[in-house]
Amino acid sequence: MKQSEPDFCVLEYVTITKDPRTDLVVAIGGTDKAADILQRTGGFLSAPGPRGDYHRLPHGLPVEQQRRKATAASHALLAAGHSVHLDPTLNMLVAPDGEREAALRYLAGLAERAAAATTSSEVAEVLTEVAVPVHGLLPLAREVVVRAWIAASDFQGAAPAGEPDPIARLRSTATSMSEAARAILHARNHVARPAQRPATTSPPPTSTTGSAREIPPPLTPEGTTWPTWPTNTARTSRSTSKP
């Protein structure tokens with residue numbers, strides 16, 4: 001006997017997030033009951049959209065008030081049995097230093113991966129996380145320095161004549177960070193290549209006769225060689241004649 005699948009009452013998924021283009025907190029999805037909870041608990045307003053109505057918080061709300069209303073609405077929806085995704089940046093219950101601690105754990109994990117690497121490809125993966133364009137750690141840090149330089153240039157005047165301008169040096173620092181990222185990527189590409197074994201050198205040929213190597217005669221100070229005597233004949237002594 002073939003068993004049929006049971007029927008489940010699944011409510012439509014609700015997503016509460018912040019639109020990066022308008023900075024509005026919007027809620028997408030859900031049933032009429034979810035819309036009622038959003039309006040009563042979070043103060044969301046109904047608005048027409050290209051794919052149907054959606055809900056959003058009023059314009060001009062401070063960030064903390066946006067987070068408080070979004071968090072309250074999400075928990076009310078969860079209590080009513082709805083499935084909800086709440087943007088972590090809007091969650092008031094997240095620890096204030098949670099993102100910083102997560103970033104520190106991520107950096108510590110990369111250092112451990114580099115130290116425990118057993119292949120060149122594993123090292124290349126770590127260097128990729130550090131310097132990959134756009135989302136690499138070093139390009140992201142450079143973006144922070146560039147934005148800080150722009151903001152500080154608006155707030156601070158020019159340095160006195162004859163003194164180095166520390167704000168202007170932020171721009172050169174950002175350039176150095178870009179060059180460092182390119183150098184790391186170049187090293188990553190080199191490490192990622194398959195390792196090439198060095199060519200083995202053959203030992204010098206040995207004599208098959210077993211005879212000792214012939215040693216050349218020494219040189220005289222004038223650069224000529226000393227005369228050699230035959231080894232198979234005895235030296236003749238000089239004879240002297242008596243009168």
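Reader: Which helices do the buried residues of helix 4 pack against?

Author: The buried residues of helix 4 pack against helix 3 (98-115), helix 5 (137-155) and helix 6 (166-192). Helices are DSSP runs of H or I with at least four residues, strands are runs of E with at least two, and both are numbered from the N terminus. This is a predicted model, in which local features need pLDDT of at least 70, side-chain atom pairs count only at pLDDT 80 or more, and totals for chains, interfaces and linings use all residues. Residues are numbered from 1 along each chain as its sequence is written, and side-chain values use heavy atoms, without hydrogens and water.

Reader: Which residues of helix 4 are buried, and what makes them line one face?

Author: They are Ala124, Val126 and Ala131. Down the axis of helix 4 they fall within an arc of 160° (taken from the directions from the helix axis to the C-beta atoms), so they line one face of the helix.

Reader: Why does asparagine 91 count as buried?

Author: Buried means under 20% relative accessible area, exposed over 50%, and partly exposed in between, with a 1.4 Å probe and protein chains only. Asparagine 91 has 19% relative accessibility, so it counts as buried. This residue is in the loop between strand 5 (84-86) and helix 3.

Reader: What is asparagine 91 in contact with, leaving aside its neighbours within four places in sequence?

Author: Asparagine 91 is in contact (heavy atoms within 4.5 Å) with Arg67, Thr71 and Leu86, those neighbours left aside.
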